[in-house]
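Subject: Structure for your review

Dear colleague,

Please find below the structure that I am handing over to you.

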Amino acid sequence: MKLPRSVRDADVSGKRVLVRADLNVPLEDGRVADDTRIRAALPTLQLLLERNASEVIVCSHLGRPKGPDPGLSMAPVEERLRELLGANGRVRVLENTRFDPREGANDPELAKELAAQADLYVNDAFGSAHRAHASTEGVAHLLPAYAGLLLERELQELGRLLESPEHPFVAIVGGAKVEDKIGVLRSLAERADVVLVGGKMAEEIRMHPIDVEVELPQDVVAAVAFEPDAESKVVAADEVPESWLGLDIGPATRAAYTQRIAAAKAVFWNGPMGVFEWPRFAEGTLEVAHAVADADAHTVVGGGDSVRAIEEAGLADRIGWVSTGGGASLELLEGKELPGVAAIPRA
């Protein structure tokens with residue numbers, strides 16, 4: 001994979017730098033509930049300040065507003081960023097890029113307005129690099145553009161799995177919909193020694209087989225209803241009682257999957273094994289999380305739910321790379337070009 005040119009090689013002294021960061025964090029009661037993504041943006045911002053950029057202008061989206069929405073203002077994000085970065089008059093944070101409908105339309109006029117505020121552009125928002133928006137793609141054609149440290153590291157870690165994974169390479173894919181992930185399943189099946197599937201998509205594949213070789217659960221924890229306290233029992237995956245639902249992988253599958261992961265030299269995991277938000281159906285996801293953390297391998301976890309499972313289990317510091325981009329990491333591993341990356345000149 002050809003990497004884009006890095007912010008490390010940019011001459012920023014005395015210059016205004018526009019940074020597209022990914023500060024799309026959860027808010028609760030007007031405060032930042034999880035600052036993981038803000039912390040991930042710090043190294044690039046600190047580098048620019050250390051190298052005497054005259055001003056660092058930070059922009060990001062937050063949520064999916066349909067227009068200006070006070071509940072999705074960047075104010076609490078800016079407050080937390082300043083706490084972590086230390087008071088610095090050279091940093092300015094713009095309002096939520098998605099308050100302007102021209103952002104999602106990649107409107108050239110909005111790109112020009114953003115570009116007019118700076119001398120250089122740095123894209124550090126891997127989580128949004130698969131979207132061709134004004135702040136992620138349009139502006140990169142109007143200013144000298146560079147990849148931030150986080151974007152660069154994401155491309156290196158995921159690129160390694162795409163181009164030169166160590167073997168055995170085990171991919172684990174879960175979640176709800178097969179059609180959302182069929183492309184990445186195909187791509188992973190070509191590269192990985194085995195693709196382990198869990199979640200509702202395993203049930204879908206059993207009912208409607210796909211043209212990709214994957215390993216499906218042998219048994220599941222089935223429940224009489226989609227409720228956290230529903231009556232449940234372990235059954236063979238092809239013997240789920242009519243109108244019951246498989247809400248987690250069963251103990252035999254957990255044992256088989258963890259054994260596969262333990263023998264791996266490279267692991268990629270995206271998507272939970274069941275409804276892990278409910279403790280009674282979380283065991284499969286948690287066992288996979290522990291197996292990935294214990295593996296003597298190059299481990300990469302991408303996607304909101306798998307990252308959340310890793311973090312809730314307190315295992316994040318035992319994973320080789322926790323990707324900040326779910327959709328972006330899947331598109332990259334599918335072999336697609338990411339517009340936000342393609343717009344930056346190559347190194």
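The model is predicted, so local features are reported at pLDDT of at least 70 and side-chain atom pairs at pLDDT 80 or more, while totals for chains, interfaces and linings use all residues. Residues are numbered from 1 along each chain as its sequence is written, and side-chain values use heavy atoms, with hydrogens and water left out.

Nonpolar cores

A nonpolar core is here a set of buried Ala, Val, Leu, Ile, Met, Phe, Trp, Tyr and Cys residues joined through side-chain atoms within 4.5 Å. Buried means under 20% relative accessible area, exposed means over 50%, and partly exposed lies in between, with a 1.4 Å probe and protein chains only. Helices (H or I, at least four residues) and strands (E, at least two) are DSSP runs, numbered from the N terminus.

The largest nonpolar core holds 49 residues, and those touching the most other members are Leu18, Phe126, Leu151, Leu188, Val195 and Phe268. Helix α5 (residues 149-163) supplies the largest share of this core, with six residues. Apart from this core lies another, of 30 residues, which includes Val7, Val17, Ala41 and Leu48. In soluble globular proteins, nonpolar side chains tend to be buried together.

What does leucine 18 touch, if residues up to four places away in sequence are not counted? With contact taken as heavy atoms within 4.5 Å, leucine 18 touches Ile57, Cys59, Leu94, Leu114, Ala118, Leu120, Tyr121, Val122 and Val139.

Helix α5 has 15 residues and reaches 21 Å from its first C-alpha to its last, close to the 21 Å expected at 1.5 Å a residue. The expected span is 1.5 Å times one less than the number of residues in the helix. This helix is mostly covered, as eleven of its 15 residues are buried. Among the buried residues of α5 are Leu149, Leu150 and Leu151, and also Glu152, Glu154 and Glu157.

Helix α1 (residues 36-50) also has 15 residues. The distance from its first C-alpha to its last is 22 Å, close to the 21 Å expected. At leucine 42, α1 bends by about 35°, and proline 43 follows within four residues. The bend is the angle between axes fitted to the seven residues ending at a residue and the seven starting there. The buried residues in α1 are Ile38, Ala41, Leu42, Thr44, Leu45, Leu47, Leu48 and Leu49. After α1 comes asparagine 52, whose phi is positive, near 65°.

Leucine 49 lies in helix α1 and counts as buried because its relative accessibility is 10%. Leaving aside neighbours within four places in sequence, leucine 49 is in contact with Val56, Leu85, Asn88, Arg90 and Val91. Leucine 49 and serine 13 are 36 residues apart in sequence, and their C-alpha atoms are 8.9 Å apart in space.

The cavity

On a 1 Å grid over the protein atoms alone, a cavity is a set of points where a 1.4 Å probe fits but cannot get out, and lining residues have an atom within 4 Å of a point. Grid points are joined across faces, edges and corners, and a volume is the space filled by probe spheres set on the points.

How many cavities of 30 Å³ or more does a search of the whole structure find? The search finds one. The largest cavity holds about 50 Å³ of space and is lined by Asp22, Arg37, Ala40, Ala41, Asp124, Leu150 and Thr324. Helix α1 gives the largest share of that lining, three residues.

Individual residues in loops

Histidine 130 is found in the loop between β6 (120-123) and α4 (134-138). Is histidine 130 buried or exposed? Histidine 130 counts as buried because its relative accessibility is 13%. Not counting residues up to four places away in sequence, histidine 130 touches Gly327, Ala328, Glu331, Leu338 and Pro339.

Aspartate 29, in the loop between β2 (27-28) and β3 (31-32), counts as exposed because its relative accessibility is 83%. Its phi is positive, near 50°, in a residue other than glycine.

The peptide bond from histidine 167 to proline 168 is cis, with omega near 0°. Proline 168 is found in the loop between α5 and β8 (169-173).

Yours sincerely

Definitions and conventions: 1 Å grid on protein atoms, 1.4 Å probe; cavity = no way out; pocket = protein on both sides within 12 Å on 5 of 7 lines; lining within 4 Å.
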